[in-house]
Amino acid sequence: MLSYLQSSFLIFVALALSVVTVAVLNRVWPISHRKLVNDVTGWQLGILGTTYGVILGFMLYTVWNDFHVAEINSNLEATSLLRVTRIAAALPSPEREEFRALGLKYADAVVNQEWPAMRAQQDNYASEVVGSEMWGLLTKMRRTGKGEAGEIDHLTSALGELSERRNLREQEFQVRLPAMLWLLLLAGAGATIGSACLLGNDSKWLHYCQVLALTFVVAVTLASIADLARPFEGAVSVRPVAFERALVMMQR
């Protein structure tokens, strides 16, 4: 998504548009005339603002929760990778060394290939290929009868968990907020701020400040929702810290 600079620019544009809107209304529709409809538009604005505020708050909570879940899942995926290599450490040679090499390759693929690709909104399946190689090695061990049955079962469970976590990360990367929700959020923002601009206030500067404050809160919240809704992109994103730590631990 957007960087901090790009988000700040869009927020500044929204603030400028709200000021221009109030200035144009003051010129074409005098404040004294607009004050006559305050009794009607005032309570309507209250209902509209409350309804939109609830929607905005719910959406912000939802995307933040999804972001947190994506962060936890990434940590669990790295933990599953470490579990695979630790279980494989009890295997006979050369399978023990092969699993260790594949574990290092998996972590390196996630950190240096998949994460940069996700930040650039591109698909990358490097770790999935490595995971397939792990499954292939495990199948070969079952066929040749190498390793104890308990170790093979534990390794199968660990690989299954690693594959599940990797698939969840892929799903979290692919999911986007529906266009209908964005239409609702943007239309609600326009209606709420536009209604605030229509109010008549004898103090022009106070009215400007009220509209600017409302616009700022709405714009910042929308920017936060847009950023958090894509947990692997933008200025606020999940970092591959767990995989970097796992890579260091496996290299010891």
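Tutor: Happy to. Let's start with His-207, which has a relative accessibility of 3% and therefore counts as buried, since the cut-off for that label is under 20%. Please keep in mind throughout that this is a predicted model.

Where does this histidine sit? His-207 belongs to helix H8, which covers residues 204–228. If we set aside neighbours within four places in sequence, the contacts of His-207 are Val-22, Arg-34, Ala-196, Cys-197, Leu-199 and Asn-201.

Two of the names in that list, Ala-196 and Cys-197, lead us to helix H7, as both take part in its contact with H8. In general, a pair of packed helices is described by the angle between their axes and the distance between those axes. For H7 (residues 179–198) and H8, the axes come within 9 Å and cross at roughly 170°. Because angles over 145 degrees count as roughly antiparallel, H7 is roughly antiparallel to H8. On the H7 side, the contact is formed by Trp-182, Leu-185, Leu-186, Ala-189, Thr-192, Ile-193, Ala-196 and Cys-197. H8 answers with His-207, Val-211, Leu-214, Thr-215, Val-218, Leu-222, Ile-225 and Ala-226. Sorted by class, the residues where H7 meets H8 are 13 nonpolar and three polar, with no charged ones.

H4 and H6 pack with their axes 13 Å apart, at an angle of about 5°. H4 and H6 are therefore roughly parallel to each other. From H4, the residues involved are Phe-99, Tyr-106, Val-110, Glu-114, Trp-115 and Met-118, and these meet Leu-155, Leu-159, Leu-162, Arg-166, Arg-169 and Phe-173 of H6. By class, this contact has nine nonpolar and three charged residues, and no polar ones.

The structure holds one cavity of 30 Å³ or more, and the space in the largest cavity is about 40 Å³. Its lining consists of Glu-114, Met-118, Gln-122, Asn-124, Arg-166, Arg-169, Glu-170 and Phe-173. Helices H4 (95–119) and H6 (149–174) each supply at least two of the lining residues, with H6 giving the largest share, four residues. By class, the lining of this cavity divides into four charged, two polar and two nonpolar residues.

Methods:
Residues numbered from 1 in each chain as written. Predicted model: local features only at pLDDT ≥ 70, side-chain atom pairs only at ≥ 80, totals over all residues. Heavy atoms only, no water. 1 Å grid on protein atoms, 1.4 Å probe; cavity = no way out; pocket = protein on both sides within 12 Å on 5 of 7 lines; lining within 4 Å. Points joined across faces, edges and corners; volume = space filled by probe spheres on them. Nonpolar A, V, L, I, M, F, W, Y, C, P; charged D, E, K, R; others polar. Buried < 20%, exposed > 50% of the residue type's maximum accessible area, 1.4 Å probe, protein only. Contact = heavy atoms within 4.5 Å. Axes fitted to C-alpha atoms, helices over the stretch in contact; angles between N-to-C directions. Parallel < 35°, antiparallel > 145°, perpendicular 65-115°, else oblique.
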